[in-house]
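Hi,

Here is the structure I promised to hand over. Please have a look, then read my notes below.

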Amino acid sequence: MDYQVFTLPNGIRLLYKPSESSITHACIVINAGSRDEPESKDGLAHFIEHLLFKRTERRSTRQILNYLEDIGGDLNAYTTKEYTCIHASFLNPYLSRALDLFEDLVFHSAFPVKEIEKEKSVILDEIASYQDQPEEAIQDDFEDMLFAGHALGRNILGTSESVKGLHREDVFSFLSSCYNTEEIVIGVSGNYDFKKLTRVFSKYYNGIPHNRITLQRNAPQHKAETKRVEKAIAQTHCVLGNHAYSIHHPHKTGLLLLNNILGGSGMSSVLNLTIREKYGIAYTIESNYTPLSDSGIFSIYFGTDAEKAEKALSLVNKQLKLLRENKMTDLTLERAKKKLNGLVALAEDNRLGVIIAMAKSLIDYNKVDSLNEVFDKVNNVTSVQLLEIANEICSPAAMSTLMFEPEED
């Protein structure tokens, strides 16, 4: 096996992936995100992620930020709809320092009222900056439309109104009801003796109280919708898409493959070759598939001049129709599999990304697939399955569309 797992009595797990590098990449991943926020508390999970760095019982903000940076390390964090992640990169001798800091941030943050109020202003500026970027804002608005009335539709940042209404007691309530110690994984990719690593890990995390809880997550329903919104922008931006398969669905790998064919990584995707290279009517066009624990998001985005938008949309729909009506040839399918497998292999060079993905996999599946197991799943996808997936996910009756259009003079 290319990884090892050690579990404490409180449920917190250590995931270790050996590497001969002199650099260690580490993370702490928590199975709690924006979809787990109470109603009207939009942005709370992301707000907490910010506040974790503001003061602990033992460290000031300056001490937190300097603790790894003083030895040339890097520390950062992010929040998604289902996860909170803190990650760090540093020279191998400083592992103990990083694990100590992770434990302090997640389990001993003080959340002083003064810092809470100060950080609200920072996040309000962050929200405003995203709203100034239509290519970013439309993605959030599309997901809000796609998951209308459901927690998955919430903007991870929250809204100006919801962030202003967050309080210290909301923070502690979320931590106690969502930070399940059995759903927390510390991932380490570095050059260590595993027994010594488990001793260091146990030193910092064995004393954390066991907090076993069950998140109340309900799968969303979907009704297709089309919406056009005028904004003070120069170009038209468009997103169309649908609910998609969850992380546990047997067609997940097939949709990952279909997405990469259609508009995934690189310049050779179907949409890029058609919309950009052949017709020259969109600088950016891409598709994305994000599987979630009980649902997923499949979407296509493009931005173009207003007078070209309808043609671009028509061409996108034409490509989707071809996928629904024509079984892929063996040669095309084989090429697509080689491309996706190559991209998966290249991603292994990003050791930080790999250890975070492995930690999430341990939470989601209680195991981590080897590279060969991933290749096998991709290679087992058939053209018949892709046809079935295209007809289910890309059905015109099920697709929603959101367009941001320039205001008329």
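Which residues in H13 are buried? They are Arg351, Leu352, Val354, Ile355, Ile356, Met358, Ala359, Lys360, Ser361, Leu362 and Ile363. Bear in mind that this is a predicted model.

H13 covers residues 351-365, 15 residues in total. From its first C-alpha to its last it reaches 20 Å, close to the 21 Å expected at 1.5 Å a residue. Because 11 of its 15 residues are buried, H13 is largely enclosed by the rest of the structure. Asn366 follows H13 and has a positive phi, near 65°.

Next, the second largest pocket. Its space comes to about 330 Å³. The lining has 16 residues. Val106, Phe107, Leu175, Tyr179 and Ile208 are the ones nearest the centre of this pocket. Helix H3 (95-108) and helix H7 (168-178) each contribute at least two residues to the lining. By class, the lining of this pocket holds nine nonpolar, six polar and one charged residues.

Last, the cysteines. Cys27 is buried, at 0% relative accessible area. Cys85 is buried too, with a relative accessible area of 0%.

Best wishes

How values were computed. Residues numbered from 1 in each chain as written. Predicted model: local features only at pLDDT ≥ 70, side-chain atom pairs only at ≥ 80, totals over all residues. Heavy atoms only, no water. 1 Å grid on protein atoms, 1.4 Å probe; cavity = no way out; pocket = protein on both sides within 12 Å on 5 of 7 lines; lining within 4 Å. Points joined across faces, edges and corners; volume = space filled by probe spheres on them. Helix = DSSP H or I, 4+ residues; strand = E, 2+ residues; numbered from the N terminus. Nonpolar A, V, L, I, M, F, W, Y, C, P; charged D, E, K, R; others polar. Expected span 1.5 Å × (residues − 1). Buried < 20%, exposed > 50% of the residue type's maximum accessible area, 1.4 Å probe, protein only.
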